[in-house]
Amino acid sequence: MKLFSAIAAMSVAMTLGCGVMQAGNYDHLYKGLQFEMPVIDSPKFPDRTISLADFGAVADGETLNTKAFADAINHLSAQGGGTLNVPAGVWLTGPIELKSNINLHLDGGAIITFSADDSLYETRYVVYEGFEAWRTQSPISGIDLENVAITGDGVIDGNGGAWRPVKRDKLTAGEWKKLIATGGVVKDDRLWYPTQGSIDGEELCKGDRRGSLTKEEASAIKRYLRPVMVQLVGCKNVMLQGVTFQNSPAWNVHPLMCENLIVDGVFIKNPDFAQNGDGLDVESCRNVIVYRSTLDVGDDAICLKSGKDEAGRKRGIPTENVIVRDCRVFHGHGGFVVGSEMSGGVANVLVADCQFIGTDIGLRFKSTRGRGGVVKNIFIDNVNMLDISGDAITFDLYYFVKNAPAEIPPVDETTPQFRDIFINDVTSFRSGKALKFNGIPEMPIDNIRVTNSVFTAREGGLLSESKNIVLDNVTIRPAEGPAMTVNNVTDATFSGCNFVSSTPVEYTGKNKNIKQK
């Protein structure tokens with residue numbers, strides 16, 4: 001693509017003496033990009049720096065610094081913006097609300113940790129898991145901002161253990177014993193809750209009543225309605241760089257309807273047992289770079305979303321123009337994930353030069369009937385995976401479906417689509433299953449090409465309810481069973497493939513025009 005012209009090479013730098021973030025050198029990420037995407041760069045800030053310590057803040061881990069953060073941000077904003085520097089130390093605080101033209105910068109050794117006192121957090125109408133509903137205020141938030149950043153070498157800790165329930169089967173016996181010794185409430189000998197209020201909230205919200213709660217009802221169950229740690233909504237020119245984001249109450253970092261977003265060199269971390277402990281959920285955003293970052297979390301790691309069901313379709317804002325490059329993921333339900341909330345669509349995505357180690361699934365595309373939305377124009381290149389417990393690559397249109405209806409529904413705006421996805425140079429060693437393409441009869445997975453890839457797994461691959469599938473120079477080595485199972489597939493070509501099994505290909509269902517070259 002020639003959309004972008006040559007850009008002068010500049011280093012990624014922060015000059016705290018003048019409080020200006022210099023432009024980053026991200027133009028090399030666009031080389032050979034298979035779709036058009038505007039070149040984005042680091043936001044610029046005024047030449048002004050102030051210190052949190054100058055506003056009465058105390059870094060002892062006990063003094064509440066909520067007012068100091070607010071006063072410093074307001075002071076900086078009134079002058080037109082700049083850099084708020086957080087020195088080394090442990091800074092306890094309530095919620096922080098960001099403003100335009102401000103860079104929140106953490107020195108090395110700086111830790112911002114959030115109070116567990118839920119009275120400090122307002123009840124607000126926000127979006128979470130595709131629902132618009134009342135929820136507890138995020139520890140860090142910003143709405144309709146322009147030029148905003150969180151940078152540095154410090155740590156932001158959400159104190160998530162004070163909010164999250166924990167399932168007993170996710171811990172060892174020793175870990176479970178240690179957890180319940182800290183207090184809290186155990187329900188049915190299998191779930192630990194930090195407070196009785198968390199259980200009361202769960203009871204009140206049975207039947208998914210979250211969307212119909214009044215503000216008063218929601219305010220009474222703040223602990224149950226645990227927040228996303230960092231939520232930025234409707235912001236333009238956003239930078240997250242260098243910082244460790246850890247231990248979130250629910251999702252960790254959630255940019256929603258943002259434009260020109262750069263996530264560079266961050267570490268996003270949650271315990272592997274963290275309920276809803278997603279890492280980075282990019283929802284209905286456009287022009288996004290996720291670069292040189294590491295995630296180790298309790299749910300999906302790098303995840304693209306665009307709203308859920310009718311609400312997502314009505315919003316109608318896809319996530320589009322995304323570069324994910326040179327990232328690594330350890331624990332997580334998925335390394336790179338699209339969905340399941342993708343009702344506004346996802347398009348124009350490159351995932352390259354990444355490693356996934358020990359995740360449940362490697363490359364994960366998930367949706368279900370009722371979502372609608374189109375996922376298309378996805379390019380994946382040079383991804384290497386090790387010890388994936390489930391599928392190395394999965395496309396699943398039966399997410400959370402236990403019993404599919406006997407009658408095939410008609411295609412309409414609620415029908416999800418996965419199509420035009422190109423996967424090259426993937427190596428996966430010791431996964432549970434090599435590939436799973438699990439489409440729906442009324443909308444098969446369409447035009448997927450996997451090339452120059454090697455999968456060593458307990459089980460081979462499955463193509464089901466799919467069409468226009470090409471596997472070119474693909475090796476699959478299962479420990480048991482067929483290397484590839486083909487079920488209700490139309491127009492598939494296996495070219496130069498090495499299916500290492502006594503049963504290279506097993507056919508079930510009704511298949512048409514399957515070629516092996």
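Helices (H or I, at least four residues) and strands (E, at least two) are DSSP runs, numbered from the N terminus. The model is predicted: local features need pLDDT of at least 70, side-chain atom pairs count only at pLDDT 80 or more, and totals for chains, interfaces and linings use all residues. Residues are numbered from 1 along each chain as its sequence is written, and side-chain values use heavy atoms, with hydrogens and water left out.

The protein has five helices and 40 strands. Its radius of gyration is 24 Å, close to the 24 Å that the globule rule gives for 517 residues, so the protein is as compact as a globular protein of that length. This radius is taken over C-alpha atoms, and the rule is 2.2 Å times the number of residues to the power 0.38. Along the principal axes, the C-alpha atoms fill a box of roughly 70 × 60 × 45 Å. Of the 517 residues, 55% are buried. Buried means under 20% relative accessible area, exposed over 50%, and partly exposed in between (1.4 Å probe, protein chains only). Among contacts with a separation of 6 or more, 68% join residues 24 or more positions apart. A contact means heavy atoms within 4.5 Å.

Nonpolar side chains tend to be buried together in soluble globular proteins. The largest nonpolar core here has 103 residues. Such a core is a set of buried Ala, Val, Leu, Ile, Met, Phe, Trp, Tyr and Cys residues joined through side-chain atoms within 4.5 Å. Ile-150, Phe-245, Phe-336 and Phe-365 have the most contacts inside it. Strand β36 (residues 445–478) gives the largest share of this core, 10 residues. Another core lies apart from it and has 17 residues, among them Phe-35, Phe-45, Ile-289 and Phe-379. Leaving aside neighbours within four places in sequence, the contacts of Phe-336 include Ile-302, Leu-304, Val-324 and Phe-365.

Two buried strand residues were examined. Thr-93 lies in strand β6 (residues 89–93). Thr-93 counts as buried because its relative accessibility is 0%. Its side chain reaches the backbone nitrogen of Thr-66 at 3.5 Å. This is a polar contact, a pair of N or O atoms within 3.5 Å; within protein, one must be able to donate a hydrogen and the other to accept it, and residues adjacent in sequence count only if both atoms are side-chain atoms. Val-166 lies in strand β15 (residues 166–167). At 4% relative accessibility, Val-166 is also buried. Beyond four places in sequence, Val-166 touches residues including Trp-176, Trp-192 and Phe-273.

In helix α3 (residues 196–204), Ser-198, Ile-199 and Gly-201 are buried. They cover an arc of only 160° around the axis, so they sit on the same side of α3. The arc is that of the directions from the helix axis to the C-beta atoms. The buried residues of α3 pack against β16 (185–187) and β17 (191–193). At the start of α3, a side-chain oxygen of Thr-195 comes to within 3.3 Å of the backbone nitrogen of Gly-197.

Some backbone features stand out. A cis peptide bond, with omega about 0°, joins Gly-339 and Ser-340. Ser-340 lies in the loop between β30 (334–338) and β31 (346–357). Asp-387 is not a glycine, yet its phi is positive, near 60°. Asp-387 lies in the loop between β33 (374–386) and β34 (391–396). Asn-488 also has a positive phi, about 55°, although it is not a glycine. Asn-488 is placed in strand β37 (residues 484–495). Asp-387 is partly exposed at 33% relative accessibility, and Asn-488 is partly exposed at 25%.
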